[in-house]
Amino acid sequence: MKIVLIGYMASGKSTIGRILAQKMEFSFIDLDNYIEEKEKMTVSEIFDKKGEIYFRKIEHVYLKELMVLDKNIVLSLGGGTPCYAGNMDVIIESKNTSTIYLKTSIATVVKRLTNEKNQRPLVARLKEDQLVEFVAKHLFERSYFYNKSKYKLTVDNKNVHEIVEELHKLLS
Ligand code: S3P
């Protein structure tokens with residue numbers, strides 16, 4: 001079985017995925033880390049040196065590689081993964097796969113991204129006032145893809161353990 005965590009940047013996909021995987025005794029894979037290991041570069045370096053289009057191409061290839069693994073996994077995607085190259089359809093059409101959208105408000109994302117935007121090439125160069133407008137528009141556009149997930153869980157104002165508990169109940 002595969003549990004795929006979907007959501008905007010800084011929605012907690014990786015942190016929650018790792019703990020959920022432990023609880024369920026599944027393997028945990030973070031797609032960004034997987035790409036970094038395979039390409040021997042950080043995501044920021046890939047964006048800088050090879051550009052976003054290259055990143056989207058390999059993101060699609062590695063996602064497909066993971067979706068055919070015959071293994072119990074919790075897979076955390078990148079924020080953009082569901083929105084390119086038909087990836088959301090690849091995921092939905094995969095056997096024994098549950099999709100979960102970790103829903104965040106604009107305010108939560110802006111607060112979290114303000115502290116950690118340097119590792120994220122899409123927002124690294126934005127000033128604080130630009131960030132709010134960027135996130136509002138971007139999140140709105142991307143919600144169309146995120147909302148194709150089977151389960152949706154609002155994560156604002158919840159701690160990681162509460163979220164993991166809710167997900168565990170949802171999936172059992
Ligand atoms: C991206 C999100 C990042 C990473 C890349 C692009 C996006 O992952 O895949 O920087 O398009 O939203 P996180 O959601 O883990 O930050």
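## Side-chain contacts in a predicted model

Glu 52, Arg 56 and Glu 59 are linked in a network of salt bridges. A salt bridge here is a side-chain nitrogen of Lys or Arg within 4 Å of a carboxyl oxygen of Asp or Glu. This is a predicted model, where local features need pLDDT of at least 70 and side-chain atom pairs count only at pLDDT 80 or more, while totals for chains, interfaces and linings use all residues. Residues are numbered from 1 along each chain as its sequence is written, and side-chain values use heavy atoms, with hydrogens and water left out.

Searching the whole structure turns up 8 salt bridges. Here are some of them:

| Pair | N to O distance |
|---|---|
| Lys 38 and Glu 65 | 3.5 Å |
| Arg 120 and Glu 116 | 2.6 Å |
| Glu 141 and Lys 137 | 3.2 Å |

Let's start with Lys 38 and Glu 65. Lys 38 sits in helix α2 (residues 31-39) and Glu 65 in helix α4 (residues 52-67), so this pair ties together parts that are 27 residues apart in sequence. Helices (H or I, at least four residues) and strands (E, at least two) are DSSP runs, numbered from the N terminus. Lys 38 is partly exposed at 40% relative accessibility, and Glu 65 is partly exposed at 31%. For these labels, buried means under 20% relative accessible area, exposed over 50%, and partly exposed in between (1.4 Å probe, protein chains only).

Now for helix α7. Glu 141 and Lys 137 are 4 residues apart in helix α7, so about one helical turn separates them. Glu 141 is partly exposed at 41%, whereas Lys 137 is exposed at 55%. Ser 143 is in helix α7 too, but Ser 143 is buried at 16%. Its side chain reaches the backbone oxygen of Leu 139 at 2.5 Å.

What about the rings? The whole structure has 4 aromatic pairs. Rings of Phe, Tyr and Trp (its six-membered ring) pair if their centres lie within 6.5 Å; planes under 30 degrees apart count as stacked, over 60 as edge-to-face and the rest as tilted. Phe 47 and Phe 55 have ring centres 4.9 Å apart and planes at 45°, so they make a tilted pair. Phe 47 is buried at 14%, and Phe 55 is buried at 3%.

Tyr 101 and Tyr 146 are tilted as well, because their planes are at 50°, with centres 5.1 Å apart. Tyr 101 belongs to strand β4 (residues 97-103) and Tyr 146 to helix α7 (residues 128-146), so the pair ties together parts 45 residues apart in sequence.

Definitions and conventions. A polar contact is a pair of N or O atoms within 3.5 Å; within protein, one must be able to donate a hydrogen and the other to accept it, and residues adjacent in sequence count only if both atoms are side-chain atoms.
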